[in-house]
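Hi there,

Here is the structure I promised to pass on to you. Have a look at it first, and my notes follow below.

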Amino acid sequence: MAKHDDETVRRVAWSEMFPWLRIVRTFRLAISARALVLGAAGAVVMAMGWWLLAAVLCASPTKSDATGWLQPYARCPWKAITEHALPDAPGIPKPAGRYLDELTASESTDAGWFPHDAVASPVRLLTKPARAALTSGELTGRDLTCLILCGLWGTAVWALFGAAICRTAAVQLAADEQTGFGAAMRFAQRKWPAYCAAALLPVLGVLLTGIPIVIVGWLMHWLGLVIGGILWPLVLLAGFVIALLLIGSLFGWPLMWGAISTEGTDSFDAMSRAYAYTFQRPLNYLFYAAVAAVVGWLGWLLVQNFAAAVVWLSYWAAAWGYGEKVTGSGFGVGLIHFWVGCVKLLAIGYLFSYFWSASAAIYLLLRRDVDATETDEVFLDADQSEPSATLPTIGTDSAGAPVIEPAQDAPPSEKI
């Protein structure tokens with residue numbers, strides 16, 4: 001009789017069959033204490049900078065001008081972050097987009113029950129200065145200066161805090177290694193110029209490409225439309241380049257953070273990778289973004305309800321001893337509201353921690369699709385600030401037996 005070998009499937013490598021499942025892992029990374037603190041800290045620092053710019057350059061921003069979205073920050077940056085962050089009690093929460101749209105003073109139609117809110121809402125907030133500059137009508141010099149400085153400040157802030165989150169996620173997803181808080185921040189500090197430059201290079205390219213169009217406009221004004229008709233093919237070519245730069249920057253800028261965090265590369269390589277992955281695999285990118293949106297939305301439901309339950313149950317339990325609902329004004333009430341705001345702030349930190357973690361995961365997947373690079377390859381640099389362990393020196397005693405020689409800086413009591 002022929003023998004039949006019983007082959008039993010003991011383990012299914014789901015991550016190999018469905019690589020996009022790595023995106024699901026980003027939720028666990030995003031709710032870690034380190035990521036939540038970094039996300040919350042970045043939100044506070046960005047809000048404080050925008051509050052200062054609004055106070056200096058926009059004394060009374062209104063909804064009608066280009067800086068109307070700065071209204072919440074001009075009043076109180078802390079309230080702008082925490083006031084509408086959570087519902088009053090756990091249940092069906094409002095979407096993250098509604099909170100961030102209230103921050104930017106946008107129309108209510110810009111918010112809604114969309115599963116991509118946990119991903120799209122940080123994008124809408126971080127790109128608000130650029131969108132305000134492009135969509136507003138006539139801009140005063142003060143408005144334009146304020147928008148440019150707000151954009152530069154947001155870029156500088158998330159080139160540090162977002163980079164640390166993205167670096168931690170990239171190392172964890174690729175090498176399955178933990179990155180300490182200090183190591184992540186030191187990496188972000190070293191690469192901070194590269195992160196900033198990668199985001200600003202496309203803007204510089206748009207400005208340089210737009211100069212010839214402005215020159216043609218001047219020629220048309222002084223010499224007539226005939227010269228414009230002759231040079232219009234060059235204008236269209238410049239417009240084509242600007243369109244490519246803007247589209248690639250609009251969709252590819254989160255990948256620049258992923259590229260630098262994963263490869264340890266410079267800004268030019270990060271920008272070229274982001275543009276290449278965006279234009280060569282647009283459908284893959286769209287699919288990964290959709291998966292990240294669904295996972296992020298489900299995670300936001302959990303995080304927001306959990307934080308709301310903490311706040312609501314604390315008030316409910318305290319009311320049994322206090323005898324009434326904690327309301328009113330005064331130092332004590334203000335201090336209670338501050339600690340409640342800290343809980344809300346950590347919940348808001350999830351939006352940013354998940355966004356940057358998902359950006360790292362999507363970058364690894366697109367790199368695999370385009371460059372056929374395995375998702376477990378990541379740049380691991382030696383942190384010079386960490387103490388390095390060296391092997392002891394082996395010597396011999398007077399009898400020729402091997403012994404461990406004492407270190408040069410060891411105290412006499414520790415010498416062997």
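Before anything else, a word on exposure: a residue is called buried under 20% relative accessible area, exposed over 50%, and partly exposed in between, with a 1.4 Å probe and protein chains only. Please keep in mind that this is a predicted model, in which local features need pLDDT of at least 70 and side-chain atom pairs count only at pLDDT 80 or more, while totals for chains, interfaces and linings use all residues. Residues are numbered from 1 along each chain as its sequence is written, and side-chain values use heavy atoms, with hydrogens and water left out.

Let me start with the charged pairs. A salt bridge here is a side-chain nitrogen of Lys or Arg within 4 Å of a carboxyl oxygen of Asp or Glu, and the whole structure has five of them. Glu-263 takes part in a network of salt bridges together with Asp-269, Arg-273, Arg-367 and Asp-371. With a relative accessibility of 21%, Glu-263 is partly exposed. Its side chain meets that of Arg-367 at 2.7 Å, N to O. That pair links distant parts of the chain, since Glu-263 sits in helix α12 and Arg-367 in helix α15 (residues 331–371), 104 residues apart. Arg-367 is buried, at 2% relative accessibility. Glu-263 also forms a salt bridge with Arg-273, where the closest N and O atoms are 3.7 Å apart. Here the link runs from helix α12 (residues 225–263) to Arg-273 in helix α13 (residues 267–280), ten residues apart. Helices in these notes are DSSP runs (H or I, at least four residues), numbered from the N terminus.

Another salt bridge joins Asp-176 and Arg-25, with 3.8 Å between the closest N and O atoms. Asp-176 is in the loop between α10 and α11 and Arg-25 is in helix α2 (residues 22–30), so the pair ties together parts that are 151 residues apart in sequence. Asp-176 is exposed, with a relative accessible area of 57%, whereas Arg-25 is partly exposed at 27%.

Which residues does Ala-164 touch, leaving out those up to four places away in sequence? They are Leu-38, Ala-184, Met-185 and Ala-188, where contact means heavy atoms within 4.5 Å. Ala-164 belongs to helix α10 (residues 161–175) and is buried, with a relative accessible area of 0%. Its C-alpha atom is 8.3 Å from that of Arg-186, 22 residues apart along the chain.

On the cysteines: a disulfide would be a pair of cysteine sulfur atoms within 2.5 Å, and the structure holds zero of these. For Cys-150, the nearest cysteine sulfur is that of Cys-146, 4.0 Å away. Cys-150 is buried, with a relative accessible area of 0%, and Cys-166 is likewise buried at 0%.

Finally, the surface. Leu-204, Leu-208, Ile-211, Val-214, Ile-215, Trp-218, Leu-219, Trp-222 and Leu-223 form a nonpolar patch with about 980 Å² of accessible area together. Patches are made of residues with over 30% relative accessible area and no salt bridge; like charges are joined within 9 Å, and nonpolar side chains (Val, Leu, Ile, Met, Phe, Trp, Tyr) within 5 Å. The areas come from the Shrake-Rupley method with a 1.4 Å probe, and for residues only the protein chains shown count as cover. Leu-219, one of the patch residues, lies in helix α11 (residues 181–223).

Best wishes

How values were computed
Helix = DSSP H or I, 4+ residues; strand = E, 2+ residues; numbered from the N terminus.
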